[in-house]
Amino acid sequence: MIRTLEAIVKKPVVNERDEIEIGHRMSITLSGDHRVVDGAVAAEYMTVLRKLLESPALPTPSAALKLLSLLKQPTSFTLLFGC
């Protein structure tokens, strides 16, 4: 698996009032061989990682535990991330 974290950039975004404003965005990508890693597990990992990155000061215990449980599964997914 290869995970990339790109730089945070300013981009125009539409807010909840349908107004255009400047938002900070960062792309995170994950690529891998679906013969080795289950896509559902990888997608769930990315979802939990996104939530943790969006709210670093307030990670919910359940989100942190979910991320840890995904990384501890006895699959190649865990080995490829070096956890």
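**A hairpin, a helix and the surface**

Pro 12 stands opposite Ile 22 in strand S3. This is a predicted model, in which local features need pLDDT of at least 70 and side-chain atom pairs count only at pLDDT 80 or more, while totals for chains, interfaces and linings use all residues. Residues are numbered from 1 along each chain as its sequence is written, and side-chain values use heavy atoms, with hydrogens and water left out.

Strand S2 covers residues 9-14 and strand S3 covers residues 20-25; the two run antiparallel and are joined by six bridges. Two strands pair if DSSP finds at least two bridges between them. Helices (H or I, at least four residues) and strands (E, at least two) are DSSP runs, numbered from the N terminus.

S2 and S3 form a hairpin with five residues between the strands. Asp 18 lies in this loop between S2 and S3. Most residues other than glycine have a negative phi. Asp 18 is also exposed, with a relative accessible area of 66%. Buried means under 20% relative accessible area, exposed over 50%, and partly exposed in between (1.4 Å probe, protein chains only).

The next element to look at is helix H1, residues 39-54. The 16 residues of H1 should span 22 Å at 1.5 Å a residue, and the end C-alpha atoms are 22 Å apart, which agrees. The expected span is 1.5 Å times one less than the number of residues. The buried residues of H1 include Val 41, Ala 42, Tyr 45 and Leu 52.

Leu 53 is also found in H1, but counts as partly exposed, at 42% relative accessibility. Together with Leu 5, Ile 8 and Met 26, Leu 53 makes a nonpolar surface patch of about 380 Å². Like charges are joined within 9 Å, and nonpolar side chains (Val, Leu, Ile, Met, Phe, Trp, Tyr) within 5 Å.

Now take the whole chain. Three helices and four strands make up its secondary structure, in the order β-β-β-β-α-α-α along the sequence. Of its 83 residues, 22% count as buried. Among contacts (heavy atoms within 4.5 Å) with a separation of 6 or more, 40% come from residues 24 or more positions apart.

Definitions and conventions: Patches are made of residues with over 30% relative accessible area and no salt bridge: like charges are joined within 9 Å, nonpolar side chains (Val, Leu, Ile, Met, Phe, Trp, Tyr) within 5 Å. Accessible areas come from the Shrake-Rupley method with a 1.4 Å probe; for residues, only the protein chains shown count as cover. A salt bridge is a side-chain nitrogen of Lys or Arg within 4 Å of a carboxyl oxygen of Asp or Glu.
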